[in-house]
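Please look over the sequence and the structure shown here before reading on.

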Amino acid sequence: MAKRDSRSLADGPLRIRTLLFVVAVGFVVLLVRLFTMQVIQHEQYAQFARDNQLQRERLPGPRGFMRDRHDVIMVDNALHFEVVMQWRSRNEAIATVRELASFIPIDTTRAKTRFDAWQKRYGRVAFPLFPDADKFVISFVRENWKEFPTLRVESRLRRRYPQSVAAHVFGYVGEVTTEEITSAGDEIYVAGDFLGKAGLERVYEDSLRGTPGQRAVEVTASGTALGEISELSTAPISGRDLRLALDFDMQQYLDSLLAVRPNPCAAVVLDVETGGIIAASSRPAYDPNAFAMGLSASLVVDLLKDPSKPMFNRISQARYAPASTFKIIVAHAILTNQVLDPNRILVYCDGTHRFGNRIFRCWKEEGHGGMNLLSAIINSCDVYFYRVAEMLDVDVLADAAHQFGYDGKTGVDLPIEVSGNVPTRKYYDQRLGKGRWTQGLMLNNAIGQGEYLATVLHVARMSAAVANGGWLVTPHFVEGPMNGTPAEHPRTKIEGLDGNILEFLRRAMRGVVENPQGTAYWTRIPWLPVAGKTGTAQNPHGDHHSWYTAYAPADHPEIALAIIVENAGHGGDVSAPIAKAFLAEYFRPSRLHPPAPVDSAVTIDTPASTAPAKKGTP
Amino acid sequence: MRTGRDFDWVIVLCVACLSSIGLAVVYSVSQSVGEVSAVAMHGTHFARQLIWLGAGLMVMLTAFAIPFRMFESLAFASYAVCLIMLVVVLMLPARGETQRWFIVGPLAIQPSEFTKVAVILVWARILSTHRADPNKLHTLIPVFILFIVPFLLVLKQPDLGTAMVFAGIVLPVLFWRGFRGLHILFLLSPIVSSILIIYGENVTHNPWPFGIFIVLILIVAYLRRAFLVESISLVVANVGIGLFLPALWAHLKPYQQRRVTNFLDPDSDKLGAGWQVIQSKIAIGSGGFGGKGYLEGTQKALEYLPAKHTDFIFSVLGEELGFVGAFAVLVLFAILITRALMIAQKTKSEFAATLCVGIAAYFAFQVFVNIGMTSGIAPVAGIPLPFVSYGGSSMLVSCFLVGLLLNCAVRWGEY
């Protein structure tokens with residue numbers, strides 16, 4: 001057999017040492033690696049291992065409800081079912097969908113696209129194959145669980161607006177965005193959560209939002225749940241239910257009154273004492289339930305493309321020239337500053353007023369004849385106010401408008417609100433230059449046509465202030481949490497709006513409706529004293545906007561309202577009759593004092609869909 | 001020459017310890033959730049491993065008792081038998097995606113495992129002859145042919161990991177027989193270059209490691225006092241790979257590229273190939289210094305570890321017994337390999353010495369790749385951990401090789 005030759009013998013030990021060295025290096029590398037993983041980075045891997053075996057299922061906390069002043073449910077959550085698919089690989093998932101397609105009609109291509117998007121976004125999270133499963137799909141999945149073990153039916157809560165009114169007020173909820181998750185901080189939201197995106201849903205997000213619970217389940221790698229770990233599981237907590245100042249019946253009635261108008265319009269009705277909003281409407285509108293499932297792209301495009309802008313909330317976002325409704329504030333400025341004697345016949349209105357070389361016209365071409373302040377308001381005589389404007393300092397009027405809050409926001413609990421506009425001396429100096437403007441600007445301001453701007457909320461609040469004895473209230477939809485102390489809604493006193501001045505303004509507004517010369521005389525209600533003021537906002541782009549503001553009953557005021565109908569003509573012609581219909585319904589004795597129910601127990605547990613019992617005067 | 005003094009008790013003790021640890025871990029694995037159905041079908045892995053160990057002891061005894069000269073003369077015959085088995089197994093219908101096993105009743109025999117023994121025997125035989133000189137083509141060509149045939153057959157299964165074991169054995173054996181270091185550099189450097197280029201282009205997007213490697217080759221060539229021609233051809237070969245490989249790479253289909261990058265970088269495919277490695281690393285890392293305790297591994301119990309009783313058994317060991325257990329296993333293997341190399345040096349038979357180096361190389365390569373793979377520093381290859389992993393073929397082959405080691409140790413004076 002082979003003999004060892006001398007060459008090999010000579011460097012054999014060296015070669016063995018080399019091999020031993022290589023082996024030693026290999027073992028040292030392995031040892032260093034293991035030491036790093038098991039001793040130095042141990043904590044990190046231990047955490048991975050804990051996360052691995054625990055599946056924390058987030059149990060979303062139900063969102064709070066909203067109820068109107070008579071407990072009618074305006075916003076709640078509806079249970080709906082979805083079929084989700086647990087999956088391990090894309091191929092396996094697609095195969096399941098294909099197999100399923102022979103039993104249930106599925107658009108497999110669309111399902112694939114959705115699956116890929118889902119996988120990209122959420123990774124191995126169970127895929128909602130049927131996000132809105134019908135009875136057929138649910139029963140199929142339940143009956144065929146052996147053939148399709150990866151499918152399961154899950155229940156979810158979806159936001160619902162059972163009354164389908166006031167979409168602009170309630171807003172909608174939508175899936176949380178990455179920015180919202182980070183800006184909220186403290187891990188309040190996780191991807192897939194819904195939160196208020198607009199309207200009250202957004203403003204009261206913190207109250208309405210439920211506190212999520214979690215179910216900790218020990219799972220194997222294939223997703224088989226071994227059991228719940230109760231120490232790590234917590235129950236979800238519902239968000240707070242909110243009480244609205246809204247009166248659903250009256251809201252619906254106001255909507256129906258405005259809905260018959262083809263023009264865009266807005267109206268708001270306030271409780272004069274608290275500022276609680278009894279009804280508010282913005283037309284055109286949309287169904288609030290449209291967004292309950294999150295935004296559907298085509299629907300949004302439709303709504304945004306619609307030239308009548310149904311998404312636009314005219315209650316708090318649209319500002320108009322207040323027109324003749326503003327004469328109440330001008331009168332307040334005259335009286336508090338004693339600019340002139342209100343009883344004096346200041347002008348003889350022949351339909352025109354000359355200022356410098358310009359002619360200003362009264363709305364009534366043939367003129368009103370001799371006018372004092374009271375008759376000028378009742379007749380809404382522009383010439384009288386032109387004359388007053390010549391004597392009225394810019395800042396005096398601006399201060400009065402400031403008192404009525406026209407220079408700011410009303411503080412209504414909606415996420416987007418525009419402030420009114422009040423031109424001051426400073427404002428004109430900045431815009432037009434010092435000394436480069438004249439008192440002539442005041443002529444338009446005095447009839448509410450100049451630089452003054454207001455929303456229906458500003459105007460309704462003005463009437464409320466006259467009605468309640470001079471208090472500027474904060475309009476609000478939400479009174480506070482159900483079964484809790486109502487939230488504070490601050491109100492401020494308007495300087496000088498009391499005593500004789502208050503009496504005068506009340507008499508003037510009442511005269512608008514009750515005096516045969518009044519611009520709203522034809523809309524009076526024989527059994528209900530109403531005080532109001534019409535307005536006709538000249539619109540450079542089209543027909544005049546029709547304004548009307550009122551409060552009632554004039555002797556013991558309860559509610560105040562403001563209505564604007566765009567491009568509709570004179571306030572007395574269009575808006576005032578709407579107000580008349582609303583007030584007549586609101587104060588209808590059989591509505592306020594319904595016959596006592598035969599069995600009073602019935603009213604205790606009224607389902608949301610049926611009409612609730614009325615509880616007397618709101 | 002056979003005396004009790006020459007019987008290598010240390011090796012026997014190492015093997016006994018490793019097999020016991022292996023049995024204990026296989027038992028632990030059989031306690032986990034997914035094992036219940038398997039038990040109903042075949043009995044526990046533990047019981048079966050116990051039987052394999054018994055069979056392995058008999059094989060070891062046989063390999064020990066028969067003088068190694070007999071194996072030397074049987075080398076080519078066994079090699080031929082293994083090649084036939086490798087061809088036959090390829091012709092059988094595929095089991096899943098691979099064709100690796102003969103199914104005989106309840107047994108699954110993996111011919112590629114036995115081929116490892118056969119190649120060690122044939123290489124030891126032809127490299128230990130008088131005229132053999134690993135630096136000459138008349139020796140290198142037969143060695144290469146004996147290497148490439150089983151390599152390609154196993155690659156066809158496909159089982160790249162096992163095929164690589166042949167390479168991992170042949171190089172140390174050649175080196176031991178006097179192969180010049182520079183030649184090893186010639187063989188290894190293109191492989192390293194290819195890996196560095198593909199890794200650099202597709203994973204780290206960093207070309208510098210390749211550049212540093214070329215400089216290193218130059219330094220080594222200078223230190224080894226290589227001829228100018230050798231140095232130039234070495235650098236040209238590696239730079240040539242650097243130039244042509246990217247072009248070749250671009251010609252591969254995306255799924256082929258992915259297969260390579262997944263092999264080099266399991267993290268790129270977290271749910272596929274990377275899943276095993278990530279879960280294995282979590283298991284080992286979470287074990288910590290002292291381990292979670294025997295039978296207490298959560299990664300194991302909850303089925304996060306794939307192939308946890310075979311190729312990834314070290315993950316369970318690392319999880320339950322911690323760094324202490326892993327360290328013990330490494331030390332046992334280190335002793336075994338060192339003893340094998342010491343026998344190689346002591347024995348007077350050229351064949352026996354080469355055989356022992358081959359066996360040492362076999363154990364070293366299996367241990368490095370297996371533990372490297374479970375701890376995430378070596379690519380995933382279906383290579384079991386000798387004596388510890390569950391599996392009959394691996395157990396019989398390891399026992400047989402240890403038997404040969406003991407054989408050589410006892411007959412160290414024989415030629």
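In strand 15 of chain A, A:I359 is the bridge partner of A:R354. Strand 14 (residues 352-355) and strand 15 (residues 358-361) of chain A run antiparallel and are joined by four bridges, where strands (E, at least two residues) and helices (H or I, at least four) are DSSP runs numbered from the N terminus, and two strands pair if DSSP finds at least two bridges between them. The two strands form a hairpin with two residues between them, and in its turn A:G356 has a positive phi of about 60°.

This is a predicted model, in which local features need pLDDT of at least 70 and side-chain atom pairs count only at pLDDT 80 or more, while totals for chains, interfaces and linings use all residues. Residues are numbered from 1 along each chain as its sequence is written, chains are lettered from A and ligands numbered from 1 in the order in which they are written, and side-chain values use heavy atoms, with hydrogens and water left out.

Turning to the interface, the contact (heavy atoms within 4.5 Å) takes 39 residues from chain A and 55 residues from chain B. Between them the two chains bury about 4300 Å², 70% of it on carbon and sulfur atoms, buried area being the accessible area (1.4 Å probe) that two parts lose on being put together, summed over both. On the side of chain A that touches chain B, the elements giving two or more residues are helix 1 (6-40), helix 2 (42-53) and strand 8 (213-219), and helix 1 of chain A supplies the largest share, 21 residues.
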